[in-house]
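Hi everyone, thanks for coming.

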Amino acid sequence: MTKGIIKQFQKQYLNFFKRVKTLQGKISPDKIHDLRVLSRRLRASISFLQIIQTHPKKLKSLRSKIKKITRDLSSIRSHDVNEEVFRQRLPPRHSAERKYLKGMFSFFEKERKYLEKKSFKKISKISLPEKISTLQNKKLSKNKLEAYFSDLELQMKKAKRDAQQSWNLYRKNENLNALHPFRISLKKYRYLVEIKYLDEKKQKETILKPFKKLQDQMGGIHDLDVLHQYLSNKTISKEFSKPIAKQVYQGFLMKLKNEIQRRLKNFRPQNQPQIQKILEKSL
């Protein structure tokens, strides 16, 4: 299994390295999203590779650099999600309301260019090695294997415990502030499960399927909330200063808020049995 992880990590890292080095101009939202997901998987893998390698400090340094890239791409990703969610909820074509809202796209375009320039400049200054020479793919000692599997199990137990605590907190409050920690903790648990079942593709896909369904639902609620906050700021509201435009703008914000509340209301009743199954099952 450890050889499989090292091989998979090397393949993913090379892919990541090539993508980072070609960051320039307009990069599609899907490619930005895929790069951030890949960066998080690499960071999760490094946490365990440090245990079985002879130069863990170099891997720790690499993990820190990858984390900076993840962070620098986050503003572009948030922008792309805002634009997509906004586009999906525009009134029908030729409607009176749509003509007042579609002006937002020029605002989105200008902001995207600014964020690309700012983020890519920061990332270009981060020095990544093309190859990771510290990784050893040779047969590991029994002690290192035991340490690896022991730490993986401990991290999985902790991640599941954190997810359980976050879920219990959400059940008491059922609001956005409580849902976000559960979404993040479940995501961390999922990445660890991926590592454990790396060499068992079919079993991994079966196990991760309910995780993905839940994360898609929680991610949808989170995206709506981020868009609502984004459109509510003063800079945006100034774009709708005229009476009719202001009325359309406020109506759009109210529709977003109502959709968020409706999804929150339905989330626990629809998903509680599946969530309890995930958190109680031994993986």
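Let's begin with helix 8, residues 201–232, and helix 10: their axes come within 9 Å and cross at roughly 160°. Keep in mind as we go that this is a predicted model. In general, two packed helices are described by the angle between their axes and the distance between the axes. So how do helix 8 and helix 10 run relative to each other, parallel or antiparallel? An angle over 145 degrees counts as roughly antiparallel, and therefore that is what we call helix 8 and helix 10. Their crossing is left-handed. And who sits at the contact of helix 8 with helix 10? There we find 17 nonpolar residues, 7 polar ones and 4 charged ones.

Now follow helix 8 along its length. Its 32 residues reach 44 Å from the first C-alpha to the last, close to the 46 Å expected at 1.5 Å a residue. Look for Leu208, too: helix 8 has a kink of about 35° there, shortly before the proline Pro210.

With 33 residues at 1.5 Å each, helix 3 should span 48 Å, and its end C-alpha atoms are 46 Å apart, which agrees. Where does helix 3 bend? At Ser74, by about 35°.

Finally, a word on confidence. The chain has an average pLDDT of 88, and 93% of the residues score at least 70. Helix 10, residues 243–280, has the highest confidence, at 94, whereas helix 1, residues 2–21, has the lowest, at a mean of 83.

Conventions: Residues numbered from 1 in each chain as written. Predicted model: local features only at pLDDT ≥ 70, side-chain atom pairs only at ≥ 80, totals over all residues. Heavy atoms only, no water. Helix = DSSP H or I, 4+ residues; strand = E, 2+ residues; numbered from the N terminus. Expected span 1.5 Å × (residues − 1). Bend = angle between axes of the 7 residues up to and from the residue. pLDDT = per-residue confidence, 0-100. Axes fitted to C-alpha atoms, helices over the stretch in contact; angles between N-to-C directions. Parallel < 35°, antiparallel > 145°, perpendicular 65-115°, else oblique. Left-handed = near helix turned anticlockwise from the far one by under 90°. Nonpolar A, V, L, I, M, F, W, Y, C, P; charged D, E, K, R; others polar.
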